[in-house]
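Please look over the model below.

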Amino acid sequence: MNPLPIVQTQIPADVIDLGLGNPPLSLLPLDMIRDAAQNTLSQNDNSFLQYGTEQGDGYLRVALANFLTNGYGFPVDPQSLFITTGISNALDLLCTFFTQPGDTIFVEEPSYFLALRIFADHHLNVISIETDENGLIPASLEENLAGSRPKFIYLIPTFQNPTGHTLSKERREKVVQLAKEHDFLIAADEVYQLLNYSEQPPKPFGAYIDVENVISLGSFSKILAPGLRLGWMQAHANIIKRFANSGLIDSGGGLNPFTSAIMRGVIESGGLGKNIGALKAFYGDQIQAMDEALRRHLPEAKYEVPHGGYFFWLQFPNQTDVGELRKKASAFKVDFRQGALFSSNGGLKNYMRLCYVYYDAEKIEEGIARISRCLQAT
Ligand SMILES: Cc1ncc(COP(=O)(O)O)c(C=O)c1O
């Protein structure tokens, strides 16, 4: 009998899926979580088994605020944090509380394809804003603002998914200024902010939350483990109030108090910081492996080596349709993601997203050699 499913994506044993944006099972820190859980569960205080306080476990928020103060490089106030069950959850709630079906929102072109799915669930009208190697282009944003007023703009400012690009500080400030002037929210998905492999990226949008329009979203998915389903939102008190005073929270209490209590221990013991350090060392080596394999096997692909995050974003010659290529990939026991998935205007057909964190160097090399064979056979 086949084992019953536990994980979201089942990859056949003989296939290398270089498109999958998941951490490898080998880097999910079972011992660390076990120690923290044992510690939490062996105390006499069982209050985390009760409906939780609206904004999220106060002790977790204090531990997280201290951690972020250090990681972000500016003071983070525990009162500015609201605990979520991850960024996907935060985006869905944002749409629920701040939009109606048919409302317009702006996203980067390209953008994280599964966030686009959430926006589709809410029947939003998605307009794409152009980007370059420094992220969103403010002139393109201004041009679109002349024609429509979005409820919010969804950005992945640092080590973007899929491009790996980072929005410059000057552009961040310009986007904040435009959000104030035109009265729209900024939903900054900062999931890769703490996964830099060389220099520090610019400060996250959490640095701008004195402006009521700015919401910064964080998650433990990529810095610890996605199965925890835990993340946070950092925002102005008025925004936090809108979330904390919702019917959902009134009925069910603050989100995920049980996991929050365990996570508090992981942070207070220094485990989270150690884990991020280990991930950075590991992923830094994987980047090099992917870069070398790409140079060896796919010289026709243009790309920049990322400085953080999870992904390489490859540009192939215009006539290459990566979606068509993908249909043939299973015969070569390999997979990837076509650029068109990340486009909200039917473009980017000659782009491919590859993830360098899931496989070791040997598999990366073999996977890219298979993509090359697949390309040559077309
Ligand atoms: C840009 C981006 N946002 C959000 C997520 C999902 O975050 P979470 O697990 O916190 O819902 C991912 C996961 O791949 C991602 O790449």
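## Helix 3 against helix 4

In this predicted model, helix 3 (residues 87-98) packs on helix 4 (residues 113-121) at an angle of about 30°. Their axes are 10 Å apart. Angles under 35 degrees count as roughly parallel, so helix 3 is roughly parallel to helix 4. The crossing of the two helices is right-handed.

Which residues make the contact? Helix 3 supplies S88, L91, D92 and C95. Helix 4 supplies A115, I118 and F119. By type, the residues of this contact divide into five nonpolar, one polar and one charged.

## Nonpolar cores

The largest nonpolar core has 94 residues. Which of them have the most contacts inside it? They are F119, F152, F220 and L354. F119 also belongs to the contact of helix 3 with helix 4. Helix 10 (residues 271-297) gives the most to this core, with eight residues.

A second core is separate and has 20 residues. Among them are I129, I153, A179 and F184.

## Around F152

What does F152 touch, leaving aside neighbours within four places in sequence? The list is L94, C95, T99, T104, I105, F106, F119, L124, L185 and A187. Two of these names come back from the helix pair: C95 of helix 3 and F119 of helix 4.

## N256, in a loop

N256 sits in the loop between helix 8 (247-252) and helix 9 (257-268). Is N256 buried or partly exposed? Its relative accessible area is 22%. Buried means under 20%, and exposed over 50%, so N256 is partly exposed.

Leaving aside neighbours within four places in sequence, N256 is in contact with T85, L228, R229 and L230. L185, one of the contacts of F152, is 71 residues from N256 along the chain. The C-alpha atoms of N256 and L185 are separated by 26 Å.

## Q338, in a strand

Q338 lies in strand 12, which spans residues 337-338. Its relative accessible area is 16%. The cut-off for buried is under 20%, so Q338 is buried.

Which residues does Q338 touch, not counting those up to four places away in sequence? They are V322, G323, R326 and Y351.

Notes: Residues are numbered from 1 along each chain as its sequence is written. This is a predicted model: local features need pLDDT of at least 70, side-chain atom pairs count only at pLDDT 80 or more; totals for chains, interfaces and linings use all residues. Side-chain values use heavy atoms; hydrogens and water are left out. Axes are lines fitted to C-alpha atoms, for helices over the stretch in contact, and angles run from 0 to 180 degrees between N-to-C directions. Helices (H or I, at least four residues) and strands (E, at least two) are DSSP runs, numbered from the N terminus. Angles under 35 degrees count as roughly parallel, over 145 as roughly antiparallel, 65 to 115 as roughly perpendicular and the rest as oblique. A crossing is left-handed if the near helix is turned anticlockwise from the far one by less than a right angle, and right-handed if clockwise. Contact means heavy atoms within 4.5 Å. Ala, Val, Leu, Ile, Met, Phe, Trp, Tyr, Cys and Pro count as nonpolar, Asp, Glu, Lys and Arg as charged, and the others, Gly among them, as polar. A nonpolar core is a set of buried Ala, Val, Leu, Ile, Met, Phe, Trp, Tyr and Cys residues joined through side-chain atoms within 4.5 Å. Buried means under 20% relative accessible area, exposed over 50%, partly exposed in between (1.4 Å probe, protein chains only).
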